[in-house]
Amino acid sequence: MGKPAITEETLTGSVAGTLLRRLGATTGIVVLSGSSGRVDVARARLFADAGASAIALRWFGGDGQTPGICEIPIETFFAATDRLVGLGCRRIVYVGTSKGAEPRCWHRFMTRVSAVVAISPTSVAWGNIGPGRDGVSWPERSSWTIAGRPCPFVPTDPDWKAGHVDGLVSYRGLFEHCLNIFPDKAREAVIPVEATAAEIVLIAGGDDALWPSLDFAEAIARRRKDAGKSASLVAAPDAGHRILLPGESTPRSTLHAHGGNDAADASLGREAWEHIRDLL
């Protein structure tokens with residue numbers, strides 16, 4: 001007998017996006033894209049093909065949602081967990097990329113999450129990208145709220161002078177600059193990875209031109225180790241921000257630099273996939 005069929009369903013309401021359900025699956029995956037807002041059905045299908053049920057979550061920019069990444073309730077993600085648990089999934093894994101990896105370990109509300117895969121992650125929370133429900137983007141606000149209260153974040157410096165890689169703006173220098181000039185805010189905005197019991201896999205490229213994801217990933221791994229907990233770090237010095245899992249061909253941004261190159265990004269993705277499969 002072959003594997004059970006995968007059914008695809010468009011989700012609306014409190015859980016928006018696309019559900020790829022595999023009958024009888026006991027592992028459920030929540031796929032969070034980054035600031036592009038893409039509903040990453042292709043990545044969700046990769047997990048469904050591996051035997052899980054998966055939700056490619058639309059977590060901003062949809063009907064009834066905040067138009068930008070601005071004061072997004074962390075509770076948004078609980079509903080996705082509830083949906084998968086209701087389908088019989090006993091093991092819940094969150095797979096977040098870039099900005100979508102930021103809310104993954106707010107531990108007080110992640111008690112039902114078994115594992116987290118953070119691709120091109122950050123170790124601290126940053127300010128909003130785009131407008132809130134009020135249509136206002138500036139002054140800067142938190143990206144996230146918990147129980148209605150804004151989470152601490154590292155602000156950005158509006159006077160930062162942009163650098164360029166391959167003719168495109170590289171924001172890596174901005175994030176490094178802001179960590180240096182706002183050290184107190186950076187300490188307040190540290191994501192509490194030490195407190196979660198979830199398994200953590202970190203995937204990062206040393207040539208990331210968008211932000212220093214490998215530095216962030218190494219900081220997370222150190223803090224987990226200091227707390228007596230583990231985190232697996234899968235890294236490559238020549239990979240960039242856009243890590244490609246097997247079969248993926250996500251195009252590069254035409255607005256900002258990613259760093260890396262197609263071969264290195266795909267090679268790291270293949271190595272990472274072996275670690276990710278172990279979580280399923």
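Colleague: What percentage of the 280 residues of the protein count as buried?

Modeller: This is a predicted model, and burial in it is judged by relative accessible area, with residues under 20% counting as buried. Taken over the 280 residues of the protein, the share that counts as buried is 53%.

Colleague: Which radius of gyration does the protein have, and why is it called as compact as a globular protein of that length?

Modeller: The protein contains six helices and 13 strands. For 280 residues the globule rule gives 19 Å, and the value for the protein is close to that, so the protein is as compact as a globular protein of that length. Its C-alpha trace spans about 60 × 40 × 40 Å along the principal axes, and the radius of gyration is 18 Å.

Colleague: Among contacts between residues at least 6 apart in sequence, what percentage join residues at least 24 apart?

Modeller: A contact here means heavy atoms within 4.5 Å. When the contacts between residues at least 6 apart in sequence are taken, the part that joins residues at least 24 apart is 69%.

Colleague: How many salt bridges does a search of the whole structure find?

Modeller: Side chains of opposite charge can pair when their charged atoms come close. The protein has 30 positive and 31 negative side chains, with the centres of the two sets 6 Å apart. Searching the whole structure for salt bridges gives a total of 17.

Colleague: With which residue does R45 form a salt bridge?

Modeller: The closest N and O atoms of the salt bridge between R45 and its partner, E8, are 2.5 Å apart. R45 lies in helix 1 (residues 41-49) and E8 in strand 1 (residues 6-11), so this pair ties together parts that are 37 residues apart in sequence. R45 is partly exposed at 32% relative accessible area, whereas at 51% the residue that counts as exposed is E8.

Colleague: Is R43, which meets E248 in a salt bridge, buried or exposed?

Modeller: The side chains of R43 and E248 meet at 2.7 Å, N to O. Because R43 lies in helix 1 and E248 in the loop between strand 13 (232-236) and helix 6 (262-279), the pair ties together parts that are 205 residues apart in sequence. E248 is buried, with a relative accessible area of 15%, and R43, at 5% relative accessibility, also counts as buried.

Colleague: Which residues are linked in a network of salt bridges?

Modeller: Some salt bridges are pairs, one of them joining E176 and R172 at 3.0 Å between the closest N and O atoms. These two are four residues apart in helix 3 (residues 172-181), separated by about one helical turn. The residues linked in a network of salt bridges are R242, R252, D262 and D265.

Methods
Residues are numbered from 1 along each chain as its sequence is written. This is a predicted model: local features need pLDDT of at least 70, side-chain atom pairs count only at pLDDT 80 or more; totals for chains, interfaces and linings use all residues. Side-chain values use heavy atoms; hydrogens and water are left out. The radius of gyration is taken over C-alpha atoms; the globule rule is 2.2 Å times the number of residues to the power 0.38. Buried means under 20% relative accessible area, exposed over 50%, partly exposed in between (1.4 Å probe, protein chains only). Lys and Arg count as positive and Asp and Glu as negative; His and the chain ends are not counted. The place of a charge is taken as NZ of Lys, CZ of Arg, CG of Asp or CD of Glu. A salt bridge is a side-chain nitrogen of Lys or Arg within 4 Å of a carboxyl oxygen of Asp or Glu.
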